[in-house]
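Open the model in your viewer and keep the selection panel at hand. The tour below goes from one selection to the next.

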Amino acid sequence: MSDKLIIFDTTLRDGEQSPGASMTRDEKLRIARQLERLKVDVIEAGFAASSPGDFDCVQAIANTIKDATICSLARANERDIERAAQALKGARRARIHTFIATSALHMEKKLRMTPEQVFEQARQSVRLARNVCPDVEFSPEDGYRSDFDFLCRVLEAVIDAGASTVNIPDTVGYAVPELYGNFIRALRERVPNADKAIWSVHCHNDLGMAVANSLAGVKIGGARQVECTINGLGERAGNCSLEEVVMAVRTRRDYFGLDVGVDATQIVPASRMVSLITGFVVQPNKAVVGANAFAHASGIHQDGVLKARDTYEIMRAEDVGWSANKIVLGKLSGRNAFKQRLQDLGIELGSETEVNSAFAAFKELADRKSDIFDEDILALCSDESVSAEKEQYGLVSLAQHSETGERPQAHVVFTIDGREYQGRADGNGPVDASLKAIETHVKSGAELLLYSVNAITSGSTESQGEVTVRLQHGGRVVNGVGADPDIVVASAKAYLSALNKLHSKAERVAAQG
Ligand code: KIV
Ligand code: ZN
């Protein structure tokens, strides 16, 4: 059996299914480039048949990324498989990932199909997919809760039909490690042609065991592919977290005995990028990528680490990319130094116009904040004003007045489709007043689900505030992110960014739909 563990990243597909995590084409391309730098083996770029927007994203990623296999999800039907194949045409290495539910509950209540119909559809779809793509993966959705004998029949049939990877999802996060590991092993022992395919695990985190289950699937079950997302992004409690699986296998190579091709020094930059783009903040105590993951607060621990690092550290912060947190540029830095830093950080701005806008934003920030960190540059390049893509809403200026005992007032100047508007309002606080001032013209009718502020870099009140705003309207949930040393300005930027997403035409169809 191979001793390489394949890392299949589904941040852009299953991760994006998380409410509010939908991304623009530009954002997906940026994440795909970072995943390429991270050297993941497979990038699931989206679900081509779900919408023209998703098709376009899969196609753009397939045409851009050279080093990883690019995969599109497809339901087990002819149209989905054709759309996936079309979108993947430009890829150096393409994979179609087709799926259909196999649990009694899903077949009866959701699909309203008999097991025999599902069996035939799975087999036919894999055959179809193999005719248009040499690399085909099959997933029995809700596989872990499926009847064991039926699942074995389906898996044998799809491997016979040409599936080179079979993936066993714990779609609802119901598994526990030992049982899931044994389940994968039992499947591999029972399915007669099991050795003709790579076995893959796909675990959701509803009981907080996605990583443990995936690792058990590898260790006990013999799976050689893990499906995972950056920061564990995903629907409900999320998916298996890439950084945790990779660092577990790497740190405990003595136990797992497996190699992963990932460049771990790109983990923290990937985590920061996904968090900034989606607005899903990483909890400080999150393993590997949380702000406190390598911080030692107690005196005993600090003393130990100073004497010998391995007294309390099993990984080195710099090995997962934490060394990026340093002062890089200041007010006097020139355009070339700035461009070089963008390159070092792996940020590829599309055009010289975008570099110019980013440099102007950097100069403006450097006037207000003496030390510019890598995180500041990442946030700045995520700002919509830097992007060449014309957004519907943009901030021009904001003035607000607040005084103890007085009701705060805000005056916001912003653009809608290039035309300038001014809004004035008062509110409970300056943020409330500013968002109300925007709403005097926009009248979005959106419900504010979440408002949160974070410091981009720790340790100083000079740090930029990073604000996330989550809005809901007409069944859609979107996140907007804005960064600025002034958190009221950051809030207005985040609100406008959320409105841009809310009013973008790129709607998605849920993969399970
Ligand atoms: O969780 C799941 O079942 C999935 C499949 C579509 C692979 O994401
Ligand atoms: Zn999933």
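How far from an oxygen atom of ligand 1 does a polar side-chain atom of Thr171 lie? Select Thr171 together with ligand 1: the separation is 2.6 Å in this predicted model. The protein covers 100% of the 260 Å² of accessible area that ligand 1 has on its own.

An N or O atom in the side chain of Asp14 is 3.1 Å from an oxygen atom of the ligand.

Now widen the selection to the whole shell. Ligand 1 is surrounded by 11 residues. Arg13, Asp14, Thr171, His202 and His204 are the closest of them. Colour the shell by residue class: 6 of its residues are polar, 3 are charged and 2 are nonpolar.

Which strands each supply at least two residues of this shell? Select residues 94-101, which form β4, and residues 136-141, which form β5; each of these strands contributes at least two.

The last stop is a pair of helices. Select residues 267-278 for α11 and residues 374-382 for α15. The axes of α11 and α15 are 10 Å apart, and the two helices pack at an angle of about 40°. Look along the pair to check the handedness: α11 passes α15 in a right-handed crossing.

How values were computed: Residues are numbered from 1 along each chain as its sequence is written. Chains are lettered from A and ligands numbered from 1 in the order in which they are written. This is a predicted model: local features need pLDDT of at least 70, side-chain atom pairs count only at pLDDT 80 or more; totals for chains, interfaces and linings use all residues. Side-chain values use heavy atoms; hydrogens and water are left out. A residue is near a molecule or strand if one of its heavy atoms lies within 4 Å of it. A polar contact is a pair of N or O atoms within 3.5 Å; within protein, one must be able to donate a hydrogen and the other to accept it, and residues adjacent in sequence count only if both atoms are side-chain atoms. Accessible areas come from the Shrake-Rupley method with a 1.4 Å probe; for residues, only the protein chains shown count as cover. Helices (H or I, at least four residues) and strands (E, at least two) are DSSP runs, numbered from the N terminus. Ala, Val, Leu, Ile, Met, Phe, Trp, Tyr, Cys and Pro count as nonpolar, Asp, Glu, Lys and Arg as charged, and the others, Gly among them, as polar. Axes are lines fitted to C-alpha atoms, for helices over the stretch in contact, and angles run from 0 to 180 degrees between N-to-C directions. A crossing is left-handed if the near helix is turned anticlockwise from the far one by less than a right angle, and right-handed if clockwise.
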